[in-house]
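Please have the structure open while reading.

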Amino acid sequence: MKPKLTATRFVLVLLACAALAVSLSAAEKKGDFHLIKECSQYNFLPGGFCSIQISDFALIPPGTKIYYDQAPGIPIGLLDSNVVLDAGAGNRAVGRCTVELATFAGLCTFSDGTGQFAGFQARIVVSWPGGPTYRWDGTYSIDHDSNRK
């Protein structure tokens, strides 16, 4: 005897599948983003900062600050610094940037954060179009459901 698939059972299975799909899509998000940061206030000292001027990524809106923990030149010819991306209200991401001072080309990576940046990871290519502005073109993933304590 074959079990009958009643309308109620069908709806329950369909709802369970939909809930699982929503849960999986909410657990991890991935994508590309493009930012322009402006550094006219950067003072080349630990704690110096630049500000995001243009963003296509809602998580990093204009006005977000990037703080640099180390001064440029150590090692010679590089800015190699721990960084904090601060979007305000306790929303911060931690990472590292290494930029060649002769060309201002470089790489920034972010490994985690607090608030909306919990579970945030990013890899960003840094380029210099001129003046006090820099391009950040990157990829990101956010895994809000990762095992955090």
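Of the 149 residues of the protein, what percentage count as buried? The figure is 32%. The model is predicted. The protein has one helix and eight strands, and a search of the whole structure finds three salt bridges and eleven aromatic pairs.

**Overall make-up**

- Along the sequence, the elements follow the pattern α-β-β-β-β-β-β-β-β.
- Among contacts in the protein with a separation of 6 or more, 37% are between residues 24 or more positions apart.
- The protein has an accessible surface of about 8,900 Å². Carbon and sulfur atoms make up 63% of that surface.

**Disulfides**

- The count of disulfides is two. With bonded cysteines counted along the chain, their pattern is 1-2, 3-4.
- Cysteine 39 lies in the loop between β1 (28–38) and β2 (49–55), while cysteine 50 is in strand β2, so the pair ties together parts that are eleven residues apart in sequence.
- The link of cysteine 39 and cysteine 50 is right-handed, with 115° about the S-S bond.
- Cysteine 39 has 12% relative accessibility and cysteine 50 has 3%. Both count as buried because buried means under 20% relative accessible area.
- The other disulfide joins cysteine 97 to cysteine 108, at an S to S distance of 2.0 Å. Cysteine 97 is in strand β5 (residues 92–100) and cysteine 108 in strand β6 (residues 106–114), so this pair also ties together parts eleven residues apart in sequence.
- The link of cysteine 97 and cysteine 108 is right-handed, with 115° about the S-S bond.
- Cysteine 97 is buried, at a relative accessible area of 1%, and cysteine 108 counts as buried at 1% relative accessibility.

**Salt bridges**

- Aspartate 80 and arginine 96 form a salt bridge, with 3.1 Å between the closest N and O atoms. This pair links distant parts of the chain, 16 residues apart: aspartate 80 is in strand β4 (residues 78–86) and arginine 96 in strand β5.
- Arginine 96 counts as partly exposed, at 32% relative accessibility.
- Arginine 92 meets aspartate 86 in a salt bridge, with an N to O distance of 3.3 Å. In this pair arginine 92 is partly exposed, with a relative accessible area of 38%, whereas aspartate 86 counts as buried at 18% relative accessibility.
- A salt bridge also brings together the side chains of arginine 135 and aspartate 137, at 2.9 Å from N to O. Arginine 135 counts as partly exposed at 34% relative accessibility, and aspartate 137 counts as partly exposed at 22%.

**Aromatic rings**

- Phe110, Phe117, Phe120 and Trp136 form one aromatic cluster.
- Which ring lies under the charged end of lysine 37? The charged end sits over the ring of tyrosine 134, 5.2 Å from the ring centre.

Definitions and conventions. Residues are numbered from 1 along each chain as its sequence is written. This is a predicted model: local features need pLDDT of at least 70, side-chain atom pairs count only at pLDDT 80 or more; totals for chains, interfaces and linings use all residues. Side-chain values use heavy atoms; hydrogens and water are left out. A disulfide is a pair of cysteine sulfur atoms within 2.5 Å. Helices (H or I, at least four residues) and strands (E, at least two) are DSSP runs, numbered from the N terminus. Buried means under 20% relative accessible area, exposed over 50%, partly exposed in between (1.4 Å probe, protein chains only). Contact means heavy atoms within 4.5 Å. Accessible areas come from the Shrake-Rupley method with a 1.4 Å probe; for residues, only the protein chains shown count as cover. Rings of Phe, Tyr and Trp (its six-membered ring) pair if their centres lie within 6.5 Å; planes under 30 degrees apart count as stacked, over 60 as edge-to-face and the rest as tilted. A charge sits over a ring if NZ of Lys or CZ of Arg is within 6 Å of the ring centre and within 35 degrees of the ring normal. A salt bridge is a side-chain nitrogen of Lys or Arg within 4 Å of a carboxyl oxygen of Asp or Glu.
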